[in-house]
Amino acid sequence: MKLREVAYSRSGDKGDVSNICVFPHDDGDYEWLREVLTAELVAKTFGDLVAGTVTRYEIPVNCCLNFVLTEALAGGVSKSLRVDPHGKSYQSLILDIDLPEMQVRS
C-alpha cells in the first residue's frame, strides 16, 4: 500500500533543509505508522536527492512524524531549480512510499 492511502503530509524548507511532516488520516494508525515509516526508509526513497541526513522526530501529541532532510535542495531554494521553488514536491514523493499492508485492528 502507498503511504498516501493512510496519511497526508505537509512540507517546508529553509535554505538547503527540507522538513516533511506526515500525519495519519486516522490517529489510531499513528503507532503502526511509527513502526513502519522509518528514517532509513525515507532516506532510501529519496536516494540521491538528499546528500545529507534524514532524521525522524516523533510528535505523539499531534500523532505525526517529522522528517528533516539536510542537503536536500541542491544548495538552497534560491540556488536550485532541481525541485519546485520550495521543495514542496517532496511532500508528494514521501506519500509514494510503499508500506506493508496494515493489520486489521481489533
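1. Two aromatic pairs are found in the structure, where rings of Phe, Tyr and Trp (its six-membered ring) count as a pair if their centres lie within 6.5 Å, and planes under 30 degrees apart are called stacked, over 60 edge-to-face and the rest tilted. The pair of Tyr-8 and Phe-23 is stacked, because the ring centres are 5.2 Å apart and the planes stand at 15 degrees. This pair links distant parts of the chain, with Tyr-8 in strand β1 and Phe-23 in strand β2, 15 residues apart; helices (H or I, at least four residues) and strands (E, at least two) are DSSP runs, numbered from the N terminus.

2. A word on the basis of these values: this is a predicted model, in which local features need pLDDT of at least 70 and side-chain atom pairs count only at pLDDT 80 or more, while totals for chains, interfaces and linings use all residues. Residues are numbered from 1 along each chain as its sequence is written, and side-chain values use heavy atoms, with hydrogens and water left out.

3. The rings of Phe-46 and Tyr-90 form an edge-to-face pair, since their centres are 5.1 Å apart and their planes stand at 75 degrees. Here too distant parts of the chain are linked, Phe-46 being in helix α2 and Tyr-90 in helix α3, 44 residues apart. Phe-46 is buried, with a relative accessible area of 2%, and Tyr-90 is buried as well, at 1%.

4. Helix α2 (residues 39–46) has Ala-39, Val-42 and Phe-46 as its buried residues. They lie on the same side of α2 because they cover an arc of only 65 degrees around the axis, the arc being that of the directions from the helix axis to the C-beta atoms. On the other side of α2, Glu-40 and Lys-44 are exposed. The cover over the buried residues of α2 includes β2 (17–24), β3 (54–59), β4 (64–69) and α3 (89–94), with contact taken as heavy atoms within 4.5 Å.

5. Asp-96 is partly exposed at 36% relative accessibility, and Arg-4 is partly exposed with a relative accessible area of 36%.

6. Which residues are linked in a network of salt bridges? The network consists of Glu-31, Arg-34, Arg-56 and Glu-58. Glu-31 pairs with Arg-34, their closest N and O atoms being 3.0 Å apart, and both lie in helix α1 (residues 30–36), three residues apart, about one turn of the helix. Arg-34 also meets Glu-58 in a salt bridge (3.7 Å, N to O). Because Arg-34 lies in helix α1 and Glu-58 in strand β3, this pair ties together parts that are 24 residues apart in sequence.

Terms used:
Buried < 20%, exposed > 50% of the residue type's maximum accessible area, 1.4 Å probe, protein only. Salt bridge = Lys/Arg side-chain N within 4 Å of Asp/Glu carboxyl O.
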